[in-house]
Structure formats: structure tokens, C-alpha cells
Amino acid sequence: MDEPANPWFSLDYLQRNWEEVSQQLLIHTTLTLQALAIAIAIAFPLAVLARRVPALAGPVLGISGVLYTIPSFALFGLLAPFTGIGRTTVLIGLVAYALLVLVRNIVVGLQSVDRDVTDAARGLGYAPMRLLFQVELPNALPSIIAGLRIAAVSTVALVTVGVVVGYGGLGQLMFRGLQSDYRAQIMTATLLCLALALVLDLALVLLGRMATPWTRGRAAA
Amino acid sequence: MSTVGDAWAYLTNPESWTGANGITTPTFDGGWRFAQDSIIGLTLEHLWMSFAAVSIAVIVALPLGVWLGHRRRGGGVTVVISNLTRAIPTLALLTLFAASAIGFGNQAVILAAAIFAFPPILSNTFTGMAEVDPDVREAALGQGLTRFQVATRVELPLAVPLIAAGLRTATVQTVATVPLAALVAGGGLGVIINRGLATQRYGEVLAGAILVAALALITDAVMARLQRAVTPAPLREAAAASA
């Protein structure tokens, strides 16, 4: 008995289903970017607060550490009964995981700023806000970018777990490909996921280079 | 009834723990498997799958890490491996394995989880071995120990705290990955969440999520104690900083 061909790679699949594939890719991308944006917006004030009030640093890092230990599958399950199935649930889960990585890296970045530098700026009469944005933040940027890269890559991978609540972007294609034993569909979605992670990672590397022009000069010197 | 009330009712019903017909069920070929309607059965299955996955990862990663770390070569490779596996969605590997010759069910999950457990063990073993004080190595070699003896009797014991930290990361991550088995017809506690979503019984979804989260947190606590136990007291502070 000849089994029907079920190749892992098929351009034919991509051509026939481009509309659906591109739609899920778009969902995957926007979900990732949105989650990262929200996570940054929450992580930054939290990290600054943890830096300013050392007593808060322990609880902030501790709570986000516990959050991180909770499996994504369970977190989506915890949220689904209250936020329903769909985009919101996945988004909240993604933000929660990106948050820990970002908070940790921003705190570490701010802590590693040379004390002499901040003292000098203070001596020059920098107010706390100006000190934060013009001295501490630029110096912490390499660590922040490193955290962003980790958060971006793991968020792309995590979106796929959203299939649990029916909103997994490219994960949706993987899952359906599995149910209908359609290998090309699984492989295409997998490769697109990897490509998306790679593109985001490269974009962040470039962004980091443009945002910290002085590091290149230092490396060359 | 409210979702929380449903979850409470599910968790306090003895039958959800023991299953309607015990914690194992016979299979058609005369064997047995864990009953999929018993929390105890699913928990045992969950732990067994996690143990199998971590064991496979340790068997491969530990000797490799010891060897590479002793030679102080391949540091770049271990970094690339751990970065690459972070980008691979767990679901992708699971579905790829399930659709391949490996087939549906627990084998696909164990293998996929083992692959994700591999990088933390490898990179921590490598770092632990490679960062042993060169003077200590030289002294051991000077006393006439063979390279193999230096690796297993001098460097490996010194690397144990870091290896334990890697093992903790790998184990907690595996316990968190195994719930995805429910999506490829495997077992483990994820089954409760998946079944609840499919039947729109959100109380059970919540109960399953609480169970999975609790198992992950307990595993982390147990592994933290283990890590502490194998770390000599003077090294504890350094180990805590690197964990």
C-alpha cells in the first residue's frame, strides 16, 4: 500500500495557503511586539523604583521570579476562566513572562552604573530625573538591550503555547498541522517562528548599536 | 456556581484524586497506564515523564560538558546551543516529533523536553569545569594525577554546585514543559487543563492550572534544597550569586 506523499517541506503548501500563513504570521508578530511594549512600559518604572528604594528590590524580583516559575500552560489556564479565550489572555501571559527578564536586566543595568559617574553628575547639579535619563539610563542600555533580546526571542516561542486558548499565532498552524497530519504545515510554521525570532533579535542588536554609538569606539580603542 | 467554586469542588472531590476506577487503567495489550481521570495518577505520570526527560538530558549533557569543560573548548558552541533552543518553540518541537516516526504520546514529549533540558545542564557543567582555578589543576597534574583523574576527582567535585544549579533550572523547566503533552495526546497534569477547556468546564481548568503551578513551585523548592545540600558551605554565597 502506497502512503500518500507527506513531505516536510512544500512550497506548494506555502503558495496555496499564503493568505492564512501571512495572517497568522501577522498575528504572531503584532502579539509579540505588543507584549514587549507593554512589558517595557511596566518593567521600567518597576525597575527604577526597585533601584531607588532598595527595600523593594527583593520583593519585586522575588514576585516576578515566582511568576516566572509558573508554567505558561498553567498561566493561560489560570487566566482563561476570567479573561476568556483569545488574544487578551495570551497577551497577559506574554507580558508576565517578558516582565521578569526585563525587570531583572534593567535593575542589574542600573546597579552596574559606575558610582563615580553618578556622583560626578550629581556634583554637576543633575536633578534625579535628569540623572536617570541622561546618565544612568544610557549607561545601563547594553544590559537593557540584552534583556530585551532574551525577552523578544522567548516571547516569539511562547506565543505558540497560546493554542491552549485558541490564539497561538503560528502555533495554531502547528497544532492544526498535527491534527490533520500535515507535515509541511508544521514545518513551515516552525521555520517562520525561528525566522521571526531571528529578525527581531537582529533588529534589537542594530537598535542597540545605534543607541550606544560610544561602545563601538571603546571596543576599537 | 462560580469558576472558583467549581475548582474548589473539583479539588475537594476524592474521586478526582483517585479516579473513578483507581489510579491506573489496563490497556488493550495487557499493560497498564496512569488513569487520565485521577489527579494522583496524572501527577505520577507527570513526574515520571519529567524524570525520564531530565535523565536523558543528564546522560548526554553531563559527560559532554565535563569533557568540553576539562579541555576548555567549545564554550562558544554551548552558548550558541542555548540561544538556539530558546528560539525554538516547545510546541514546534512537540508537533514535529509527534508527526514524525516518533509518533503521538509520551515519547514525543519526553524527547522534546529532554532537548530543552539539555542546554542548562551542558552550559553549567562546562562553566563549572572550565572555571576551576588553573593553579588547582596544575597542582593536581604536578602530583602525578592523570588528566582523567584531574577531571573526575578535582574539577568535577568543584563544579558540582554549578551543575546542581543547572540541574535545577532544567528540572523546573521540564516540569513546566510536560503539561504541553496534553496537546499531543500525552499524559501528565496538562490533561486536566486541556480537557477542561475542551468541555468548557473552567473550574477544572483553574484547578488543573493550580495543580501544575503548585507542582512547578514545589519542584523548584525541592531542587533548591538539593542544590544547597550539595554545595559546600563556603561556596554557598558564590553559588547564590550565580544562580
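Two residues are in contact here if their C-beta atoms, placed from the backbone, lie within 7 Å. The model is predicted, with local features requiring pLDDT of at least 70 and side-chain atom pairs counting only at pLDDT 80 or more, while totals for chains, interfaces and linings use all residues. Residues are numbered from 1 along each chain as its sequence is written, and chains are lettered from A and ligands numbered from 1 in the order in which they are written.

**View 1. L204(A) and its contacts within chain A.** L204(A) lies in helix 9 of chain A, where helices (H or I, at least four residues) and strands (E, at least two) are DSSP runs, numbered from the N terminus. Not counting residues up to four places away in sequence, L204(A) touches I145(A), L148(A), R149(A) and A152(A). Between L204(A) and R149(A) the sequence separation is 55 residues, and their C-alpha atoms are 6.4 Å apart. L204(A) counts as partly exposed because it has 19 C-beta neighbours inside 10 Å; a residue is buried with 20 or more other C-beta atoms within 10 Å of its own, exposed with 12 or fewer, and partly exposed in between, the C-beta atoms being placed from the backbone.

View 2. Helix 7 comprises residues 128-159 of chain A, 32 in number, yet its end C-alpha atoms are only 38 Å apart. A straight helix at 1.5 Å a residue would reach 46 Å, the expected span being 1.5 Å times one less than the number of residues. The helix bends by about 55 degrees at L141(A), the bend being the angle between axes fitted to the seven residues ending there and the seven starting there. A proline, P142(A), follows within four residues.

**View 3. The interface between chains A and B.** In this interface, 28 residues of chain A are in contact with 30 residues of chain B. On the side of chain A, the elements that give two or more residues are helix 4 (72-83), helix 7, helix 8 (170-179) and helix 9 (183-211). The chain A residues of this side divide into 19 nonpolar, 7 polar and 2 charged. In this classification Ala, Val, Leu, Ile, Met, Phe, Trp, Tyr, Cys and Pro count as nonpolar, Asp, Glu, Lys and Arg as charged, and the others, Gly among them, as polar.

**View 4. Helix 9 of chain B and its covering.** Helix 9 (residues 190-198) of chain B is mostly covered, with 7 of its 9 residues buried. These are G190(B), V191(B), I192(B), I193(B), N194(B), G196(B) and L197(B). The buried residues of this helix pack against helix 4 of chain A, together with helix 3 (39-71) and helix 10 (202-230) of chain B.

View 5. Most residues other than glycine have a negative phi. D181(A), which is not a glycine, has a positive phi of about 50 degrees. D181(A) is found in the loop between helix 8 and helix 9 of chain A, and is partly exposed, with 13 other C-beta atoms within 10 Å. Q200(B), also a residue other than glycine, has a positive phi near 55 degrees. Q200(B) is found in the loop between helix 9 and helix 10 of chain B; with 9 other C-beta atoms within 10 Å, Q200(B) is exposed.

**View 6. A98(A) in the largest nonpolar core.** A nonpolar core is a set of buried Ala, Val, Leu, Ile, Met, Phe, Trp, Tyr and Cys residues joined through C-beta atoms within 7 Å. The largest one has 128 residues, of which A98(A), L102(A), A57(B), L94(B), V109(B), A117(B) and V212(B) touch the most other members. Leaving aside neighbours within four places in sequence, A98(A) is in contact with A35(A), L36(A), A39(A), A151(A) and T155(A).

**View 7. Chain A and its confidence.** The secondary structure of chain A comes to 10 helices and 0 strands. Buried residues make up 39% of its 221 residues. Chain A averages a pLDDT of 86, and 96% of the residues score at least 70; pLDDT is the predictor's confidence in each residue, from 0 to 100. Within chain A, confidence is lowest in helix 10 (residues 213-220), at a mean of 66, and highest in helix 2 (residues 18-52), at 91.
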